[in-house]
Structures are given as C-alpha cells and as structure tokens.
Amino acid sequence: MLSVAEALELVLGLVEPASTEVVPLRDSIGRTLAKDAIATRNQPPFSASAMDGYAVHNSEVRAGAQFIVIGEAAAGHGFSGTVGAGQAIRIFTGAPVPDGLDRILIQEDVTRQNDVITLSENHDTSHYIRHLGADFKVGDVLPAPCMIGPAEVSLAAAMNISPVTVYRRPTVAILATGDELVMPGEVPNEDQIVASNVFGLAAMCQSAGANPRLLPIARDTPASLSQAFAQAKGADITVTVGGASVGDHDLVGAVAEAHGLQRAFYKIAMRPGKPLMAGHFQNGALLGLPGNPVSALVCGKLFLEPMIRKMLGDPAPNVTTRLLPLTAALNANGPRAHYMRGHHKDQKVQAFDRQDSALLSVFAQANCLIKRPPFDPARAIGEIVEVIEI
Ligand SMILES: Nc1nc2c(c(=O)[nH]1)N[C@H]1C(S)=C(S)[C@@H](COP(=O)(O)OP(=O)(O)OC[C@H]3O[C@@H](n4cnc5c(N)ncnc54)[C@H](O)[C@@H]3O)O[C@H]1N2
Ligand code: MOO
C-alpha cells in the first residue's frame, strides 16, 4: 500500500495553482497575493512626530532651556512657517515635523506659561521623530505569493494599493453518498443516520479559502451517483464521502471511472483513511474519502486542505507538524501510519483512549493529531511525538 507521503505527492500532482483575478483590497482577506504589490508612496510621507509635545532644534536642548511657542502642527495640519532660534512649535502625534526642527520634547517634560515652555531637569533623551519612509518607501514590495491576513491587508492599504491580484478561489463539490444518510433537520428512519462529515469538510474548505458546494446526498445506486457526478461538473475538486471500501454497496470508484476518473491510487497505509482514492476527473481532480466521519475529516486535513492551498498559490501547501512530549504512554503502532486524535496543553500532548474513526465526539474534543509512523514502537511518557494542529 502507498505511504501517506507518496499519496500526498500524487494528490498534489492532480492540481495546479488556479488562475488569478483582480479584487478590491477589502475582498482579498484570506486570499494569496499572486502579483507583487508595490508601494506607491513613502510611509510616513514626511518626518512625523511620535509624541504629543513641542518640536524644537535639538542643538538648543538642555535642562532648563526656554522656548517661545510660535505655532502649532497637528495630524493632517502641518506648520509651514520658519522656526527661528529659541522658538518651538506645539506638535501632536502624527503631525509633520516643521522644516529644520529635529527634536520633540514630550509635554510631560515641560512646564508652560503663556507662550513660554521650560524644559525640566530629568527630561527624556529620545528625539521622537519617525523619519520619512521609515516604515516603507516608494517601490518597496509586499512579495507574492503571500497569504493576505490582517497585517498584509493593512500594509497594502497603507501602500495605497487597491485592487490586488490574487489566486481564484477553487470550487470544491462535496458529495455524501449512502442510503443510510439524511440531511440534518430531517427525520431519519430507524436504520438511518444524519450526514455529518460533509459539513465539516465544507467548513474546512471555506476556512482554507475555497468555495465549497454541498451537493444533494447520492444514494448507493449507479444512477444516483451518476446524477451527482453530473452536478459536480465544473468543480476544481470533487470530494466524495463514503462508498469507498470493498462492500457490495461501495460503488463510488466504479461509477467515477465510468465518468472519466483516471485513478492515481486507491488505498493507502493510513489509519484512519485506508480506502482513500484520488485521480484526474472531469477537468479537475477527485478525492474519494472514506465515509467514517473522523476518517473523512482527517483525510480532509491531510489531503484536501493541501490541494486547496496549492490551488491558492501556497508554495508550501503541506500540513506542518511540531514536536511535543507525551503525558501518557502509547502502544506500539501497526503497519499503517496512525493519525491519533490528541489534546495538547502547556506544550505537552496526550492521545485519547478511544480512537475509533466513527467518534465525532472525540474528534470535537481533540485539538491535534499525533502522527505515528508505521510500526512506531511503544512510546513512554516524556518521549517526543509529531503533532498536527487541527
Ligand atoms: N471488509 C472490510 N470492511 C471495511 C474495510 C476493509 O478494509 N475491509 N475498511 C474499513 C475502513 S478502514 C473504512 S474507513 C470504512 C470506509 O468505508 P466507506 O468509505 O465505504 O464508507 P461507508 O461504508 O459508506 O461508510 C462508513 C461509515 O461511515 C458512515 N458515513 C458515511 N458517510 C457519512 C457521512 N456523510 N456522514 C456521517 N457518516 C457517514 C456510514 O454510515 C458508515 O457507518 O470501511 C470499513 N470497512
Ligand atoms: O481507515 Mo478507516 O478510515 O480506519 O476507519
């Protein structure tokens, strides 16, 4: 059976970065910048005061020095006159520092009587001037690709860049399959359950930056699956859930092949997630996930999210891991890589006792997966394991 790393490489080979589009800056959050954003201005565009106080000539500053206040500079309202020897300008944070002045005395350090200020003995020695272009200069670059979060959108705004070029959001069609499934809110028969993991997968797609499209539940018949695949046309990635295993009613692979699936692989050495399949499909990619709720979500985290990130232009789309010590021992692992549901706290991690891939209640309590390689030996308290945030 294929290893997780081999399967991931094949899955990522099924998708390419999506085309780009130009969007207003306000709509760029969570997208990946596809073209360098280049500053069209200096920030600050003038030397600016960093404090409320008085602007003076630095050469005149000494304890007890007196200055006559001859004008005012506020944010948005500069002072345009000239300032002579022994003179000061009342100034506020963000205001342009008048020409020739090179020191701000903070107001806490002076006493003022009418228009005369006197500097105190133990005054602050900082100059409190933010020089022109100290943050960025015309031509400075916010380099692509980069994920646009609160910091990047603020920087692009300060650079006066709008609109920006970003990668198009990929569309992901998500298809639950099975005669036992009903939608949340419907009344299930005694032998039915509520479709659940597709909602988690849709949420995962959305927070990764894709547009999820939840299709109606397909029944375990070739006709129903065919109809669903027809509805998935146009999606960049079609995700099926369930019907992937070896049972008589597991028809997804066969029907997808009839619709043109060129299977890249089927089954991997992973737990949960053994019956994973993937391939080129309908001008896009198909990812066939196992039906067990936790299997589907773990495979979504490990395979679907990286596919989406690659399409969004992320040059390093794989999940990242970090190393943490165990607070409870682990049994030896079997022949499949095991992604155990775990909980980390205070830089230490522990696996849940119950690891059945049907247990959404355990998954909901987990905040990480503990990655165990095939045949990983038993691990004692304090040993270091690899952890993936979920
Ligand atoms: N003889 C064997 N049986 C099974 C094997 C095997 O190797 N030999 N593998 C097991 C493993 S591992 C998994 S994982 C499952 C995967 O099976 P399928 O992908 O065919 O999934 P289903 O049989 O359709 O469903 C499994 C389970 O999950 C429930 N389900 C399905 N879809 C949803 C949904 N959208 N929301 C919530 N729950 C869902 C379904 O009712 C079943 O209980 O096969 C094992 N069997
Ligand atoms: O591989 Mo299954 O997903 O172990 O439950």
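**View 1. The side chain of Asn 367 reaches the backbone of His 344.** A polar atom of the Asn 367 side chain lies 2.8 Å from the backbone nitrogen of His 344. A polar contact is a pair of N or O atoms within 3.5 Å; within protein, one must be able to donate a hydrogen and the other to accept it, and residues adjacent in sequence count only if both atoms are side-chain atoms. This is a predicted model: local features need pLDDT of at least 70, side-chain atom pairs count only at pLDDT 80 or more, and totals for chains, interfaces and linings use all residues. Residues are numbered from 1 along each chain as its sequence is written, and side-chain values use heavy atoms, with hydrogens and water left out.

Asn 367 sits in the loop between helix 7 (360-365) and strand 27 (368-372). Helices (H or I, at least four residues) and strands (E, at least two) are DSSP runs, numbered from the N terminus. Asn 367 has a relative accessible area of 18%, so it counts as buried. Buried means under 20% relative accessible area, exposed over 50%, partly exposed in between (1.4 Å probe, protein chains only). Leaving aside neighbours within four places in sequence, Asn 367 is in contact with Gly 342, His 343, His 344, Ile 388, Glu 389 and Ile 390. Contact means heavy atoms within 4.5 Å.

**View 2. Strand 22 pairs with strand 20 and with strand 23.** Strand 22 covers residues 277-281. Four of its five residues are buried, so the strand is largely enclosed by the rest of the structure. Strand 20 (residues 262-266) pairs with strand 22 in the antiparallel sense, over four bridges. Two strands pair if DSSP finds at least two bridges between them. Here Phe 265 stands opposite Ala 278. Strand 23 (residues 284-289) is also antiparallel to strand 22, over five bridges. Gly 279 faces Leu 286 across this pairing. Strands 22 and 23 form a hairpin with two residues between them. In the turn, Gln 282 has a positive phi of about 45°.

**View 3. Cys 299 and Cys 368 are both without a disulfide.** The whole structure holds zero disulfides. A disulfide is a pair of cysteine sulfur atoms within 2.5 Å. For Cys 299, the nearest cysteine sulfur is that of Cys 205, 14 Å away. For Cys 368, the nearest is that of Cys 299, 17 Å away. Cys 299 is buried, at 0% relative accessible area. Cys 368 is buried too, at 0%.

**View 4. Gly 200 lies in helix 3.** The helix spans residues 197-208. Gly 200 is partly exposed, because its relative accessibility is 26%.

Key
Chains are lettered from A and ligands numbered from 1 in the order in which they are written.
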